[in-house]
Amino acid sequence: FTLCGFLLTPLLTLALAASDCSNSRAAVLCTAAASGCLAGNYLLVFALRRLGLSVALPEGQLARARELLEQHGSLAGLLNTLLPLPTIPLIVASVSVGANVHMMLAAMTVGRSTRYVALAVAILSSRHVSRRLASSTDRRRTE
């Protein structure tokens with residue numbers, strides 16, 4: 001679940017490119033992928049809190065991390081998922097310093113959903129353009 005950016009994006013790309021899925025099926029795939037990532041992130045947060053795991057950093061660095069995550073946690077979550085960056089360190093840091101994890105995970109879901117929808121639109125529209133070009137080329141050959 002937590003390898004959404006690293007593993008899921010290429011697999012989703014392959015699924016959309018290799019299959020002849022409709023727009024509604026692509027929407028279901030994107031929604032399922034983003035929902036699975038959200039569920040996996042919440043399970044990771046639950047496990048980190050339950051096991052009491054935290055980052056072992058000096059108090060000064062933890063205070064600075066807490067301050068940054070309180071000010072920019074949502075933006076960090078959004079950018080973290082729009083760009084191909086690992087999410088686990090951000091989640092671990094947020095849990096460790098007691099930042100607003102729920103808001104950051106919501107921002108991560110918005111970022112992932114945006115990335116997956118943009119990916120689906122790019123693949124499906126390129127397939128549509130490719131088919132139109134192929135059909136116009138076939139018509140020219142028959143004429």
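Just after helix α4, G98 takes a positive phi of about 75°. Helices here are DSSP runs of H or I with at least four residues, numbered from the N terminus. The model is predicted: local features need pLDDT of at least 70, side-chain atom pairs count only at pLDDT 80 or more, and totals for chains, interfaces and linings use all residues. Residues are numbered from 1 along each chain as its sequence is written, and side-chain values use heavy atoms, with hydrogens and water left out.

**Helix α4 and its partners**

Helix α4 spans residues 88-97. Which of its residues are buried? In α4, L90, I91, S94, V95, S96 and V97 are buried. Buried means under 20% relative accessible area, exposed means over 50%, and partly exposed lies in between (1.4 Å probe, protein chains only). I88 also lies in α4. I88 has a relative accessible area of 32%, so I88 is partly exposed.

Helix α2 covers residues 23-51. The axes of α2 and α4 come within 10 Å and cross at roughly 45°. Axes are lines fitted to C-alpha atoms, for helices over the stretch in contact, and angles run from 0 to 180 degrees between N-to-C directions. The two helices are therefore oblique to each other. Angles under 35 degrees count as roughly parallel, over 145 as roughly antiparallel, 65 to 115 as roughly perpendicular, and the rest as oblique. The crossing of α2 and α4 is right-handed. Right-handed means that the near helix is turned clockwise from the far one by less than a right angle; anticlockwise is left-handed.

Which residues meet? From α2 come N41, L44, V45, L48 and R49; from α4 come I88, I91, V92 and V95. By class, this contact has seven nonpolar, one polar and one charged residues. Nonpolar covers Ala, Val, Leu, Ile, Met, Phe, Trp, Tyr, Cys and Pro; charged covers Asp, Glu, Lys and Arg; the others, Gly among them, are polar. Contact means heavy atoms within 4.5 Å. I88 and V45 sit 43 residues apart along the chain, and their C-alpha atoms are separated by 9.7 Å.

Helix α3 packs against α4 too, at an angle of about 140° with the axes 10 Å apart. This pair is therefore also oblique. Here the crossing is left-handed. L62, A65, R66, L69, A76, G77 and N80 in α3 meet L90, A93, S94 and V97 in α4. Those residues divide into seven nonpolar, three polar and one charged.

How many salt bridges does a search of the whole structure find? The search finds one. A salt bridge is a side-chain nitrogen of Lys or Arg within 4 Å of a carboxyl oxygen of Asp or Glu. R64 and E67 form it, at 2.9 Å from N to O. Both lie in helix α3 (residues 59-82), three residues apart, about one turn of the helix. An α-helix has 3.6 residues a turn, so residues three or four places apart point the same way.

| Residue | Relative accessibility | Class |
|---|---|---|
| R64 | 43% | partly exposed |
| E67 | 37% | partly exposed |
| R127 | 14% | buried |
| L124 | 16% | buried |

R127 is found in helix α5 (residues 101-142). Leaving out residues up to four places away in sequence, R127 touches L16, A17, A18, S19, D20 and C21. Beyond its neighbours within four places, L124 contacts C21, S22, N23 and A26. The C-alpha atoms of L124 and L82 are separated by 20 Å.
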